[in-house]
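Student: I have not seen this protein before. Please show it to me, and then I will ask about the terms used for it.

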Amino acid sequence: MPEQDIGTEGLAFAQKIFDDVGAMTKDPAAGYSRQGYSSLENQVHEYIRGIGRELGLEEKEDAAGNLYLTLPGLHRELPALFSGSHGDSVPQGGNFDGLAGVTAALTVIWWMKRTGYTPYRDFTLLVLRLEESAYFGKSYVGSCALTGRLKPDDLKLKHRTKPETLGDAIRSAGFDPEKLVTGTPLIDLKKIAGFIELHIEQGPTLDSHADKRVGVVTGIRGNLRHKVVRCIGETAHSGAVNREFRHDAVLATADLLMRMEKHWEHRLDREEDLVFTVGVLKTSDSAALTKVPGLTTFCIDMRSLSMGTLERFHEVLLSEAERVGKERGVKFEFDPVLRTESAKLDSRLVAHLANSAAAAGIPYIAMPSGAGHDSAILETAGVPAAMIFVANQKGSHNPNESMKIEDFMQGVKLLWKAVETYDA
Ligand SMILES: [Zn+2]
């Protein structure tokens, strides 16, 4: 008899979940829209719950509407191993951001049922509510509520297009928003041994590899930002003023950014983790074809797993700005710096994923996550968390987001190996 393999045998089960939830939440305009705390998100939860019933799982819902489907283990007194992700999406997003992690955990449960395997401890699928900030401007609502970190002010946030607030939406989905902002976790977090979240990568790194289609996430990048930087030079006539008399803000800005790119390269050569982006760059409203530009405004977003790397790179930015300013007779003004701390994932659980990949013969890359995830919220609340990334195409948060089911099944295989050997 050939060896049983979740990677091939679980494919149809997983595919059906993607197809069904996709059909349920298809946006007539483009892509998929599953707003958190909408009737559609409720439907998705109801659908997953239905599969749980077919599989004979224990079901529970917390006050925020997060769903827990548990396959009982041999030692029920032990904290359960959790896996899952979020069921919502951005407006006109893809089908896999969030749903992949839910489907992966459910496929692992299906596999345990099918092969008559009883885990050592309880294994719980966690389907988190509203993770995406696109509708109400607040991310991780389900996991923040779960860990007691949702704030009363969060409930007042307005919907992007309607007068409805987040609190209103939570209420109309059938939950009491006031119960979510008491500052206490909704369940005993000590009863979660660990949380493993599978997620599409949302970037091109894994997809650029022929064989390494799965990632073990080492941490979630923090960021350091300036929303507005101004380079103040001197506006002048573009024909009448020779080079030595100019204080050209565009050239000074370009000079600064090219220097920063060189510093960035050096840091990458030293294997530091860093990305550096200027996403907006403008001249003044009065800029014109025949004027030497006297002003630019731009923003800066730098991210790294290491806050130390970010602080040092920021210092370099300020001193290079000083230098370019002196050399070119311009002045750079920075608004107050904004920091978001990087999030470590649980080193023991991350190592367990790496070992499980090796044991299952799955080639993988150890990589940081550039985007934030519910896993970081759980980890900072004291729940050991780790993540598996799966290669995907065309990014995420757009209708073209795609994923190959074979790549996904590699991730599922890794998740299964990690669950199977968790207590070994
Ligand atoms: Zn996501």
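Student: How many helices and strands are there in the protein?

Tutor: The protein has eleven helices and 17 strands, where helices (H or I, at least four residues) and strands (E, at least two) are DSSP runs, numbered from the N terminus. This is a predicted model, in which local features need pLDDT of at least 70, side-chain atom pairs count only at pLDDT 80 or more, and totals for chains, interfaces and linings use all residues. Residues are numbered from 1 along each chain as its sequence is written.

Student: What makes a set of residues a nonpolar core?

Tutor: The set must consist of buried Ala, Val, Leu, Ile, Met, Phe, Trp, Tyr and Cys residues joined through C-beta atoms within 7 Å. Buried means that 20 or more other C-beta atoms, placed from the backbone, lie within 10 Å of the residue's own. The largest such core has 90 residues, with V108, I109, I388, V390 and L415 among those with the most contacts inside it. Helix α4 (residues 99-114) gives the most to this core, eleven residues. A second, separate core has 17 residues, including C231 and L274.

Student: Which residues does L415 touch?

Tutor: Leaving out residues up to four places away in sequence, L415 touches S83, A104, V108, I196, L198 and I388; contact requires C-beta atoms, placed from the backbone, within 7 Å.

Key. Buried ≥ 20, exposed ≤ 12 C-beta atoms within 10 Å, placed from the backbone. Contact = placed C-beta atoms within 7 Å.
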